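Reader: I have a structure to go through and would like to ask about it piece by piece. Can we start with the charged side chains?

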Amino acid sequence: MDGEEPGDDADELDDDGRDLDEDREEAAESVAIEISGLSLYTHHGVSEAEREIGQRLVLDLRLDIGETDATVTDSIEDTVDYAEVCQLVALVAQQRSHKTLERLCSAIADRLLADYELEGVWVKAAKPQPPIALSVDEVSVEVWREAE
């Protein structure tokens, strides 16, 4: 290859022989990962009974990653592993009890922003069977945070 040694400033090519630097410039889009319907049994609620007995919560998440090389490299190392995110969210949601869904969503958003390089995160927590006297499909709270 024209006397170039490995490590020279030669163009990096993908498996199809395309120049990755050119692909990266073209792939300047913003990427978001959405996770819908993460169902967890937790102990959150205003009443002592909710916190003691527990109930199912359904979480939806949106992680705004921004630009990522994964659109070109097809490598998990260049993006956020959503399986890992689900495990972290489950840990945060089940680690301690909160009275309000607002506090729970906030704790999850803060942890995701602390652990991952994100531009922003949206967290929604829904109670499919809220303990209220009237019939409703669900009650939910949403929190949106941008990275500082």
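Reader: What does lysine 127 form a salt bridge with?

Author: Lysine 127 pairs with glutamate 50, and the closest N and O atoms are 2.6 Å apart. A salt bridge here is a side-chain nitrogen of Lys or Arg within 4 Å of a carboxyl oxygen of Asp or Glu. This is a predicted model: local features need pLDDT of at least 70, side-chain atom pairs count only at pLDDT 80 or more, and totals for chains, interfaces and linings use all residues. Residues are numbered from 1 along each chain as its sequence is written, and side-chain values use heavy atoms, with hydrogens and water left out.

Reader: What else is lysine 127 in contact with?

Author: Leaving aside neighbours within four places in sequence, the contacts of lysine 127 include His44, Gly45, Gln55, Arg56, Leu57, Leu101, Glu138 and Val139, as well as Glu50. Contact means heavy atoms within 4.5 Å.

Reader: How many salt bridges are there in the whole structure?

Author: A search of the whole structure finds 6. One of them joins glutamate 138 to lysine 124, with the closest N and O atoms 3.6 Å apart. That pair links distant parts of the chain, 14 residues apart: glutamate 138 is in the loop between β3 and β4, and lysine 124 in strand β3. Glutamate 138 is partly exposed at 37% relative accessibility, while lysine 124 is buried at 17%.

Reader: Which residues are linked in a network of salt bridges?

Author: Glu34, Arg62 and Asp64 are. Within that group, arginine 62 bridges to aspartate 64, and their closest N and O atoms are 2.9 Å apart. Arginine 62 is partly exposed, with a relative accessible area of 31%, and aspartate 64 is buried at 16%.

Reader: Switching to the inside. How many residues does the largest nonpolar core have?

Author: The largest nonpolar core has 32 residues, and Val85, Ile108 and Leu112 have the most contacts inside it. The elements giving two or more residues to this core are β1 (31-42), β2 (55-66), α4 (82-95), α5 (101-115), β3 (120-127) and β4 (139-146). A nonpolar core is a set of buried Ala, Val, Leu, Ile, Met, Phe, Trp, Tyr and Cys residues joined through side-chain atoms within 4.5 Å.

Reader: What is isoleucine 108 in contact with, sequence neighbours aside?

Author: Leaving out neighbours within four places in sequence, isoleucine 108 is in contact with Leu59, Leu61, Val89, Val92, Ala93 and Val123.

Reader: And the whole chain, what pattern does it follow?

Author: Read along the sequence, the pattern is α-β-α-β-α-α-α-β-β, with 5 helices and 4 strands in the chain. Of its 148 residues, 39% count as buried. Residues 24 or more positions apart account for 59% of the contacts with a separation of 6 or more.

Reader: Now the loops. Where is threonine 68?

Author: Threonine 68 is in the loop between β2 and α3 (70-73). Threonine 68 is buried, with a relative accessible area of 8%. The side chain of threonine 68 reaches the backbone nitrogen of alanine 70 at 3.2 Å.

Reader: What about aspartate 74, and what is its phi?

Author: Aspartate 74 has a positive phi of about 60° although it is not a glycine. Most residues other than glycine have a negative phi. Aspartate 74 is found in the loop between α3 and α4 and is exposed, with a relative accessible area of 73%.

Key:
Buried < 20%, exposed > 50% of the residue type's maximum accessible area, 1.4 Å probe, protein only. Polar contact = N/O pair within 3.5 Å; in protein donor to acceptor, adjacent residues only side chain to side chain.
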